[in-house]
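I opened a new model today and went through it step by step. My notes follow the order in which I looked things up.

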Amino acid sequence: MPTITIRDLPEDVHAALKVMAAGAQKGGRRSVEGFARALLVEAARRRGPGLGSQLLAIGRQFHASLDAAGESTTNADIDALFKRSGEQGEPASFE
């Protein structure tokens, strides 16, 4: 199995990891190394929202802020923001 070495870890962080490792396992102590490994594995495997979900959230937040300000917008308004002068707007085709 591959290994990594983490140098220059601040002392307060190492101390906090020791305390967290000691309390992480019922009935016994867990090593700082084992605890840090578990944290790294969990972080590496955790998947956040995809790009589409992030864009959807941004759009919803944008529309909510417009609604809160008493403003409104249409898809055509949004499209106009991204068109260059004289550009013809054609929908993308994925066929």
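These entries go from the overall fold to one surface patch.

**Fold.** I noted before anything else that this is a predicted model. I then looked up the secondary structure. The protein has 4 helices and 0 strands. Along the sequence I read the pattern α-α-α-α. The radius of gyration is 25 Å, while the globule rule gives 12 Å for 95 residues, so the protein is more spread out than a compact globule.

**Extent.** Next I took the box along the principal axes. The C-alpha atoms fill roughly 65 × 35 × 25 Å.

**Burial and surface.** How many of the 95 residues count as buried? I found 5%. I also looked up the accessible surface of the protein, which comes to about 8,900 Å². Carbon and sulfur atoms account for 54% of that surface.

**Charges.** I checked the charged groups. The protein carries 12 positive and 12 negative charges. Their mean positions lie 17 Å apart.

**Nonpolar patch.** Which residues make the nonpolar surface patch? I listed Ile4, Ile6, Leu9, Val13 and Leu40. Together they give a patch of about 460 Å².

**Leu40.** I followed one patch member further. Leu40 sits in helix H2, which spans residues 32–45. Is Leu40 buried, partly exposed or exposed? Its relative accessible area is 47%. Buried means under 20% and exposed means over 50%, so Leu40 counts as partly exposed. A patch residue needs over 30% relative accessible area, and Leu40 has 47%.

How values were computed
Residues are numbered from 1 along each chain as its sequence is written. This is a predicted model: local features need pLDDT of at least 70, side-chain atom pairs count only at pLDDT 80 or more; totals for chains, interfaces and linings use all residues. Side-chain values use heavy atoms; hydrogens and water are left out. Helices (H or I, at least four residues) and strands (E, at least two) are DSSP runs, numbered from the N terminus. The radius of gyration is taken over C-alpha atoms; the globule rule is 2.2 Å times the number of residues to the power 0.38. Buried means under 20% relative accessible area, exposed over 50%, partly exposed in between (1.4 Å probe, protein chains only). Accessible areas come from the Shrake-Rupley method with a 1.4 Å probe; for residues, only the protein chains shown count as cover. Lys and Arg count as positive and Asp and Glu as negative; His and the chain ends are not counted. The place of a charge is taken as NZ of Lys, CZ of Arg, CG of Asp or CD of Glu. Patches are made of residues with over 30% relative accessible area and no salt bridge: like charges are joined within 9 Å, nonpolar side chains (Val, Leu, Ile, Met, Phe, Trp, Tyr) within 5 Å. A salt bridge is a side-chain nitrogen of Lys or Arg within 4 Å of a carboxyl oxygen of Asp or Glu.
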